[in-house]
Amino acid sequence: MPAEPPAEPAGGCAECLASGGAWVHLRACLLCGHLGCCDSSPGRHAWAHADTSGHALARSAEPGESWAWCYADELFLVPDSGGVTDIG
């Protein structure tokens, strides 16, 4: 069973923080909790994490957002009362 990802992001994109880079939005891996920057950010570290680790599911780590993204299938996922719905 995968580890429970953190409820709130801690600090920011791990790779951007290490390199002094900047990010636009944050994404949290639903399998291991890795916090990376979105595809609109220069580093695209959330995508890089999905690509190298095989962890294809990430959620928005932005306050007030509850959607997720599957990098492998390019699916945008939003919660509903019965689970998750694909709207893409």
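**The lining of the largest cavity**

Guide: The largest cavity is lined by Arg27, Cys29, His34, Leu35, Gly36, Ala46, His49, Ala50, His55, Ala58 and Tyr71. The model is predicted: local features need pLDDT of at least 70 and side-chain atom pairs count only at pLDDT 80 or more, while totals for chains, interfaces and linings use all residues. Residues are numbered from 1 along each chain as its sequence is written, and side-chain values use heavy atoms, without hydrogens and water.

A cavity is a set of points, on a 1 Å grid over the protein atoms alone, where a 1.4 Å probe fits but cannot get out, and lining residues have an atom within 4 Å of a point. A search of the whole structure finds 1 cavity of 30 Å³ or more. The largest cavity holds about 40 Å³ of space, a volume being the space filled by probe spheres set on the grid points, which are joined across faces, edges and corners.

The lining divides into 6 nonpolar residues, 4 polar and 1 charged (nonpolar: Ala, Val, Leu, Ile, Met, Phe, Trp, Tyr, Cys and Pro; charged: Asp, Glu, Lys and Arg; polar: the others, Gly among them). At least two lining residues come from each of E1, strand E2 (35–37) and helix H2 (45–53), with H2 giving the most, 3 residues. Helices (H or I, at least four residues) and strands (E, at least two) are DSSP runs, numbered from the N terminus.

Two of the lining residues, Cys29 and Ala58, are bridge partners, with Ala58 in E3. Strands E1 (residues 26–29) and E3 (residues 57–60) run antiparallel, joined by 3 bridges; strands pair if DSSP finds at least two bridges between them. Ala58 also has Trp69 of E4 as its bridge partner, and 3 bridges join E3 to the antiparallel strand E4 (residues 68–70).

Terms used: On a 1 Å grid over the protein atoms alone, a cavity is a set of points where a 1.4 Å probe fits but cannot get out, and a pocket is an open set with protein on both sides within 12 Å along at least five of seven lines; lining residues have an atom within 4 Å of a point.
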